[in-house]
Amino acid sequence: MRVLITSTPVATHFLPMLPLIRALGAAGHEVLVAGQPDVTGPARDAGLETATFGDAFHAVDLRRGRLPEGVRPIEVLGRPPAQQIDGAAQMWRNHAPYFLYDYLELAREWRADLILSEHMEYAGPVIGKVLGVPSVWHRWGTAPTSEFMLGQTRMWLGPLCERLGLDSVPAPDLVLDPAPPALAGTDAPDALPVRPVPHTGEGSPWRWSGPSGRRVVVALGGYALELGGAALVRRIADALGAAGGVEAVVSAPETYRAAIGALPAGLTYTGRTAPGLLFPGADLVVHHGGPGSTLGAAALGVPQLVLPQLGDAFVAGDRVAAAGAGITLDSAAAQNSDRELGRAVTALLTGDAYRKAAGRVRAQIEAMPGAEVLVPLLAGLTTAQEVTA
């Protein structure tokens, strides 16, 4: 079976599919990742065959806009309303036609048997339908595209599909969801579960020097730092230093360390970013609500302090807090308050209820089927269909 993988041009949208892609390869199937450099770069780093189209997308540029230097989006815009968070999918709906014809030609020439895409790559099901091969969506976080947004997509992509000879905008033949029940959305179509696996990337796991109990990872992610997050990391570091007896690792590229400043005793910088390298053995993860951090910490049973800055990160924080597995501070006032940060850190490091709830979420994830279990199901989708174009 030949599987063509496509993704919107954001690495964190692509990486959750990696365990399934590797499972497909391990089972003897051919895989090819097509996309812009933002995706094919990480795919090549993972040892996968790629086909690159166009230039890098630089999604962070769309987020930065005219933000003043050192100011975070939440400080200007506050928490976006639910409809606006859901409407973020509109950007990817608009992006879908840009490389659809390129992907379609590649899929036809390569004779793909299956199209695997993440859930905001709306071109995937279209390509599959045109070629008469099945398509699969793989969600990447806790806020999947809602029924309302999918309806909007069907409306706006209708004319494009008509030009391709389709009666309507097709839905994928199968949807996979890595969110455990405690964190999963309820306003999207049903999906089959697939166990999330914390991304490890390159490098070696972080080695803790002290006993467990007060080990903390600060991982706000590149976007948060690029969007004025250095001052927030500084406040988090000070809160951890004030807590006393904390051993912490702060993930930050060297370019931001001068702005963050020297760390308190017990805190160390690292250039490593992968949850699978940093989170094992931690007692608390402080992050921005990205899908990799949220599901990575959940899979390892680590309590979370979520400090969302953009879009569906607020939803991730809500669901972690509702599950009892962490705390979210979803306003600029709370995030900028030394007192609020300190109280949250202390509660999460000393409150047994958070550890127990995080353990329950981890148990849910461990009960989900692994990617290797789903490979025969995907292969079975191809047996009833043949390439028609």
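**Figure 1. Where helix α16 meets helix α20.** In this predicted model, the contact brings Leu295, Ala298, Ala299 and Leu300 of α16 together with Ala358, Val361, Arg362 and Ile365 of α20. Sorted by class, the residues of this contact are seven nonpolar, no polar and one charged. Helix α16 spans residues 291-300 and helix α20 spans residues 352-366; their axes come within 6 Å and cross at roughly 95°. Angles of 65 to 115 degrees count as roughly perpendicular, and therefore α16 and α20 are described as roughly perpendicular to each other.

**Figure 2. The crossing of α8 and α9.** Here is another helix pair to explore: the axes of α8 and α9 come within 10 Å, with a crossing angle of roughly 45°. That angle makes α8 oblique to α9. The crossing in which α8 passes α9 is right-handed. On the α8 side, the contact is made by Leu100, Tyr103, Leu104, Ala107 and Arg108, and on the α9 side by Ala123, Val126, Ile127, Val130 and Leu131. By class, nine of the contact residues are nonpolar, none is polar and one is charged.

**Figure 3. The largest nonpolar core.** This core has 38 residues, and the members that touch the most others are Leu4, Tyr122 and Ile127. At least two residues each come from β2 (30-35), α7 (89-95), α8 (100-110), α9 (123-131), α10 (147-156) and α11 (158-163). Helix α8 supplies the largest share, six residues. As general background, nonpolar side chains in soluble globular proteins tend to be buried together.

Figure 4. Which residues does Leu4 contact, leaving aside its neighbours within four places in sequence? The partners are Leu32, Ala34, Tyr103, Leu106, Ala107, Trp110, Ala112, Leu114, Ile115 and Leu116.

Figure 5. Look for Ser7 in the loop between β1 (2-6) and α1 (11-14). Is Ser7 buried or exposed? Its relative accessibility is 2%, so Ser7 counts as buried, the cut-off for buried being under 20%. Not counting residues up to four places away in sequence, Ser7 touches His13, Phe14, Met17, Ala34, Val39, Glu118 and Glu121. One of these partners, Ala34, is also in contact with Leu4.

Technical notes: Residues are numbered from 1 along each chain as its sequence is written. This is a predicted model: local features need pLDDT of at least 70, side-chain atom pairs count only at pLDDT 80 or more; totals for chains, interfaces and linings use all residues. Side-chain values use heavy atoms; hydrogens and water are left out. A nonpolar core is a set of buried Ala, Val, Leu, Ile, Met, Phe, Trp, Tyr and Cys residues joined through side-chain atoms within 4.5 Å. Buried means under 20% relative accessible area, exposed over 50%, partly exposed in between (1.4 Å probe, protein chains only). Helices (H or I, at least four residues) and strands (E, at least two) are DSSP runs, numbered from the N terminus. Contact means heavy atoms within 4.5 Å. Axes are lines fitted to C-alpha atoms, for helices over the stretch in contact, and angles run from 0 to 180 degrees between N-to-C directions. Angles under 35 degrees count as roughly parallel, over 145 as roughly antiparallel, 65 to 115 as roughly perpendicular and the rest as oblique. A crossing is left-handed if the near helix is turned anticlockwise from the far one by less than a right angle, and right-handed if clockwise. Ala, Val, Leu, Ile, Met, Phe, Trp, Tyr, Cys and Pro count as nonpolar, Asp, Glu, Lys and Arg as charged, and the others, Gly among them, as polar.
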